[in-house]
Amino acid sequence: MGAQWIHGPSKKNPVFQLASEYGLLDKEAMSEENQQIEAGGHPLLPSVAYSNAGRVLSPELVEGVRNLFSTLLDQTREFVHATQVPVPSVGEYLRREITRQVKEWTDDDQSKRLKLAILNMYFKFECCVSGTHSMDLVALGPFGEYTMLPGLDCTFPSGYGGLPDQMLSSLPEESVMFHKPVKVVRWGGSYQEESHVGRMFPVQVECEDGEKFLADHVIITVPLGFLKEHHETFIDPPLPPRKAEAIRQLGFGTNNKIFLEFEQAFWPPDCQGIEVVWEDESPLAEAGPDLQAEWFRKIIGFVVLQPPERYGNVLCGFLAGKESEYMETLSDAQVLTALTDVIRRLTGNPHLAPPKKVLRSQWHSAPYTRGSYSYVAVGSSGDDIDALAQPLPEDAADPRQLQVLFAGEATHRTFYSTTHGAVLSGWREADRLLSLYDTSKSHQHKPWL
């Protein structure tokens, strides 16, 4: 329902390294050849492109348009160190360049419209990758700071959950507490625990059930979406203005999945991905679809869960943005009805049997996430990510006085939005604290975290 792929499974990816050490991957994923493939941050799957006219589009046509979009997207990363950018957003730059390209096309009008429709599908795809409603919201200048690691994206044969399960198994029993939502983190104080008379702590963590914990240091790893809504009450005293502004400026969007289980597969046996193209759409068109009536148009396509012997005939669809958030308000029956109609239109088969089961994520509705992952929005920069990662107090004369530290994908300047970015940010803060103490010295107290 959440993380699915290891993006860039190679030597510098901590998720890949941990998964390899724990024996969670198959031999193909761990091969040296796969680790060296430059996949551009996206999984490469044998795919079929269907259009809403009920036809399969030419693979050569789709590949040509995909290569054009990839080329233009690569160009957007070239402004990373530029003193000035031609337009504020990635979306505006792409549309400007596409407008130039169209003038040089020699195709007939119908072919031009179809190529623009395919380009529009890749705009939606990139919205899912960036976790945003529109690429017009993603800042052009900092876009190139995001770093893609080499390696052919892979999945965990037994699910991503195997990784945290293995990591938890190395910790002492009962050292992790579940179902203890935190109400407020108080810092800069002098708190004393009843059973430790004379020992004062600068941090107090109060849970929603009223239980309180004292600490020398606390690492906050909640999603940026939660901080956007609650940082003014979640952290007391309030965050410094620069950090609060970074939280407001950075982007945090929604990318959801919809799983559909079918009695029989309607896709070819060797197909691992289905792309969805609406022939009447164009990235150059101003008006967007009616949110309530046509939310399903934002779905970029479906991944076929592999292998079918394990999962059955299951498709996983992706959609991002406001349409994705609207989808969360619908019932399972409404989603199932809408997608049955979409798939019948795509295949040109009005009698195609509907999916027998639907399952979807609802990351925007989830109270402790309020979305999926972060992006650098127009008006923000990588400096905002660094500001969010800055520990408190910011003016600590002695590093051991650091009380509140921040980790999570939104605090990693080059790997934001990824699981490996989240892992590395946690290690960063753990190393920061480890560097403050030499716990081998008997006279130095061990920190409470």
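This is a predicted model: local features need pLDDT of at least 70, side-chain atom pairs count only at pLDDT 80 or more; totals for chains, interfaces and linings use all residues.

Colleague: Which residue is the bridge partner of glutamate 206 in β9?

Modeller: The partner of glutamate 206 there is lysine 212. Valine 203 is likewise bridged to a residue of β9, namely alanine 215.

Colleague: How many bridges join β8 to β9?

Modeller: Four bridges join them, and the two strands run antiparallel. They form a hairpin with four residues between the strands. In the turn, glycine 210 has a positive phi of about 95°.

Colleague: And what is the order of the strands in the sheet?

Modeller: The order is β9-β8-β5-β11, in an open sheet of four strands with mixed pairing. At the edges are β9 (212-215) and β11 (235-236), each of which pairs on one side only. A helix, α8, packs on the sheet and touches β5 (182-186) and β11. The direction of α8 makes about 55° with that of β5.

Colleague: In what sense do β5 and β8 pair?

Modeller: They pair in the antiparallel sense, over four bridges. Within β8, valine 205 stands opposite valine 185.

Colleague: Which residues point each way from β8?

Modeller: Val203, Val205 and Cys207 point one way, while Gln204 and Glu206 point the other way.

Colleague: Why is β8 described as largely enclosed by the rest of the structure?

Modeller: Five of the five residues of β8 are buried, so the strand is largely enclosed. Buried here means under 20% relative accessible area.

Colleague: Turning to helices, which residues of α9 are buried?

Modeller: In α9 (residues 241-249), the buried residues are Lys243, Ala244, Ala246 and Ile247. They lie on the same side of α9, because they cover an arc of only 155° around the axis. The buried residues of α9 pack against α8 (224-234), α14 (382-389) and β19 (404-406).

Colleague: Now the nonpolar cores. How many residues has the largest one?

Modeller: The largest nonpolar core has 42 residues, and Val90, Ile118 and Leu119 have the most contacts inside it. At least two residues of this core come from each of α4 (59-76), α5 (90-104), α6 (109-130) and β16 (313-320). The largest share, 10 residues, is supplied by α6.

Colleague: What is isoleucine 118 in contact with, leaving aside neighbours within four places in sequence?

Modeller: Isoleucine 118 is in contact with Leu57, Leu61, Val62, Val65 and Val277. There is also a second, separate core of 28 residues, which includes Val276, Leu330, Leu346 and Leu352.

Colleague: One last topic, serine 374. Is this residue buried or exposed?

Modeller: Serine 374 is buried, with a relative accessible area of 4%. Its place is in strand β18 (residues 373-375).

Colleague: With which side chain does serine 374 make a polar contact?

Modeller: The side chain of serine 374 is joined to that of glutamate 409 by a polar contact of 2.7 Å. Not counting residues up to four places away in sequence, serine 374 touches several others, among them Ser130, Leu224, Phe252 and Tyr416.

Technical notes. Residues are numbered from 1 along each chain as its sequence is written. Side-chain values use heavy atoms; hydrogens and water are left out. Buried means under 20% relative accessible area, exposed over 50%, partly exposed in between (1.4 Å probe, protein chains only). The arc is that of the directions from the helix axis to the C-beta atoms. Contact means heavy atoms within 4.5 Å. Two strands pair if DSSP finds at least two bridges between them. Axes are lines fitted to C-alpha atoms, for helices over the stretch in contact, and angles run from 0 to 180 degrees between N-to-C directions. A nonpolar core is a set of buried Ala, Val, Leu, Ile, Met, Phe, Trp, Tyr and Cys residues joined through side-chain atoms within 4.5 Å. A polar contact is a pair of N or O atoms within 3.5 Å; within protein, one must be able to donate a hydrogen and the other to accept it, and residues adjacent in sequence count only if both atoms are side-chain atoms.
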